[in-house]
Amino acid sequence: MTSTARILLVDDEPSIQRAVSPLLRSRGYDVTVVGTGAAAVSAARDASPDLVVLDLGLPDLDGTEVCSRIRAFSQVPIVVLSARGGETDKVRALDLGADDYVTKPFGPEELLARIRVALRRLSAVVPAESGQLQAGDLLIDYDRRRVVRSGEEIRLTPKEFELLSLLARNADRVLTHRAILKAIWGPNAVEQPEHLWTLVGQLRKKLENDPANPRYLLSEPWVGYRFQSEAQS
Amino acid sequence: VSRRFVDSVALVAGFTALAGSTAAFRLWLGVSNPTIVALVFLLVVLVVAAIARLWVAVVVSTAAMLAFNYFFLPPIGTWTIADPQNWVALFTFLAVSLVASNLSASARARAQEAHHRRDELSRLFDLSRDVLVMTDAQALTALARSMAARFGLDFVAIALPYGDDWQRFEAGPRHFSIDASVLSRVFAEASGTVEFDARARTYSGHALHAADGANVRIAPLRLGVKPIGLLAAAGPIDPGTLDVLAGIAALAIERTRFLEERKSADLTRQREELKTTLLASLGHDLRTPLTAIRVAAANLGGDWLSQTDRIEQADVILAEAERLTRLFQNILDMARIDAGPLAAAVTLAPPADIIAAAREQVEQALRHHRVAVTLESDEPVRLDPRLTAAALAQLLENAAQYSPPGSQIRVAARRVGQEWRVTVTDAGPGIAPEDRPRLFDRFFRGAAAQGRPSGLGMGLSIARGLLAAEGGRVWAENPPEGGAAFTIAVPAEPSPESAADTR
């Protein structure tokens, strides 16, 4: 039962604090609320919460700065609340170590779903380089570099396998275009997303039943990609 | 001093010197050595040549030769010369004095030329300094004026093509009307080729135009090889100098154009920045209440809430709806201010009512602050109570935003002469000096607001706009006891009753 998970809610808006904390408590989470970035960093250090819900617009520190400061000492999942119009802040926060984001105005279910996913990732830690991952009818064998769907082996090129295992090892988490490009093609390729688009297209054709409505390899428009381990209803 | 006067003086002085020295040698000194005499005469000729023009020197040289022959070459007292050696001496003397005169005259001509050039350079230098202080296109008239003044010209015109017509900036004591067709023709010719005439020190494209009995020189204003306009001038100026003036004018025009372009580029950039921050904070100011309302409404729909929690969630919804209403009201007020002058509806109102109305409008914003009101008098004031209250509400909201929750906001109303004044003092950090000049500008957010996501920087500019409609003012200061103090001053005649009372 994950219902005893401790969540640190960081938002300076009293109305968000007042509406979101009872919502989280009603789902059995233990909620601590702080209103500034400095308080968020020290609370993340002292109370070691299981998850941080972080608003990007804070009065004292930039939200992305808070992200990287927390990442300096902790791997706690961070879900970012972004009210700003641009995608840049979201992407920066993700690049600096945030796990996921919700855009304001959001509904309660959106936020709760992101929190559930982030907490699940935490409990089901995949060994970094070895083992297998079973997601739906897909089995990824990291050791033997094999992918099997419904008992049938799918042949992947080395690059395709590299991309799939990168996303699958970070299952349910958004990886930014930049992060993926850097991991697979190296730091010089981060400005050339067209490599990635092509590769994702190829991979979807091989993995997905319906490549136009992917089940595993989800696009996060203008941000990145996410490997979805459990089908959403 | 005129040239002719100098020449006459030199001529008379030369003859006097010749006569004087001849008399001295012959009558008193008894000098008869032709060499000494020739040297002295040569000195006189050289001095004359250094001062006067060549012809004066030649006349004095000839006189000196004759005197030399008559008085000092044997047989003395006659024009004849006995010894052939003395013929040689006589003509050598003449030749030396003529050559010396010539050399001296040409040296002086060169010195004069150099002086003239230096003078011209210093005028050009002054002119280019004039150009440096010019910042807008209208200053071209000033440039024409300074050209006319510095170079002593009768008429200067800078003409710029403006479609088919010519835009002219003219100066100088006289005025010549030059037909647009003449300008267009010269301009078209100048657009053809660019060649440099080293003798006249000009580029091609100059034209001479006879207008009203005087010659007007016209030179193209060139940037690179392309003419951008024309410079016309009448008066003592040679084509080379005019060409240089045209170059300076062209640079000045280009510079003003560049400055104007940069100004408009700066404006565009500022507008873009404003738009970006405005959209970002508008996004925040709309999204935050909407999120809170959505989540709180969903919470109300659930069955897990206690009765206290339910009231709390309902309160969140009401507070955020209030905030949206306020934002909407502000946008509306701003649009009204922009739409044209607001009509003030002046009426008699009790000060306490105005302050109460203002507090009510921003009740939500003030709920974490204590408001202390001091009224100097209850006497009703004659003003537009709605506009005044709306402006005051903005100041109260601003005070609440920039001071810590739980602190006190002081509101003090009093009459000062023909004005009714209200001062709102908060316990915040006060106004940063760098924010002062732009404090009441629309969408300006002060240093204390940096990093605060909410607030659009509309409040104070709306307050100013509303007050302007009733002839009022608003200003800010940092009182010695700390915080920030904003004061509204509205013209308010004393009410007739109170006027009757004082009588």
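Why are B:Arg129 and B:Asp126 separated by about one helical turn? I looked at helix H4 (residues 84-132) of chain B and got my reply: the two are three residues apart in that helix, so about one helical turn lies between them. I count a salt bridge when a side-chain nitrogen of Lys or Arg is within 4 Å of a carboxyl oxygen of Asp or Glu. Over all chains, the structure holds 33 of them.

**Ground rules**

I'm working with a predicted model, where local features need pLDDT of at least 70, side-chain atom pairs count only at pLDDT 80 or more, and totals for chains, interfaces and linings use all residues. Residues are numbered from 1 along each chain as its sequence is written, chains are lettered from A and ligands numbered from 1 in the order in which they are written, and side-chain values use heavy atoms, with hydrogens and water left out. Helices (H or I, at least four residues) and strands (E, at least two) are DSSP runs, numbered from the N terminus.

**Where A meets B**

I looked up contacts next (heavy atoms within 4.5 Å). On the chain A side 23 residues touch chain B, and 24 residues of chain B touch back. The buried area is about 2,000 Å², with 57% of that from carbon and sulfur atoms. That is accessible area (1.4 Å probe) lost on putting the two parts together, summed over both. In chain A, the residues that lose the most area to chain B are A:Glu13, A:Arg18 and A:Pro105, together 30% of what that side buries.

I then checked the charged pairs and found four salt bridges across this interface. One of the salt bridges in the model joins the side chains of A:Arg18 and B:Glu312, at 2.8 Å from N to O.

Which helices of chain A each supply at least two residues of the side that touches chain B? I noted helix H1 (14-26) and helix H5 (108-123). H1(A) gives the largest share, eight residues.

**Sheet in chain A**

I traced an open sheet of five strands in the order E2-E1-E3-E4-E5, with parallel pairing. Two strands pair if DSSP finds at least two bridges between them. Strand E2 (30-34) and strand E5 (100-103) each have a single partner strand, so one side of each is left without a neighbour in the sheet. The twist averages 20° from one strand to the next. Strand E3 (residues 51-55) and strand E4 (residues 78-82) of chain A run parallel, joined by four bridges; A:Leu54 has A:Val80 in E4(A) as its bridge partner. Helix H2 (residues 37-46) of chain A lies across strand E1 (6-10) and E2, at about 170° to E1(A). For angles, axes are lines fitted to C-alpha atoms, for helices over the stretch in contact, and values run from 0 to 180 degrees between N-to-C directions.

**Sheet in chain B**

I also found an open sheet of five strands in chain B, ordered E9-E11-E12-E14-E13, with mixed pairing. Its edge strands are E9 (370-375) and E13 (473-477).
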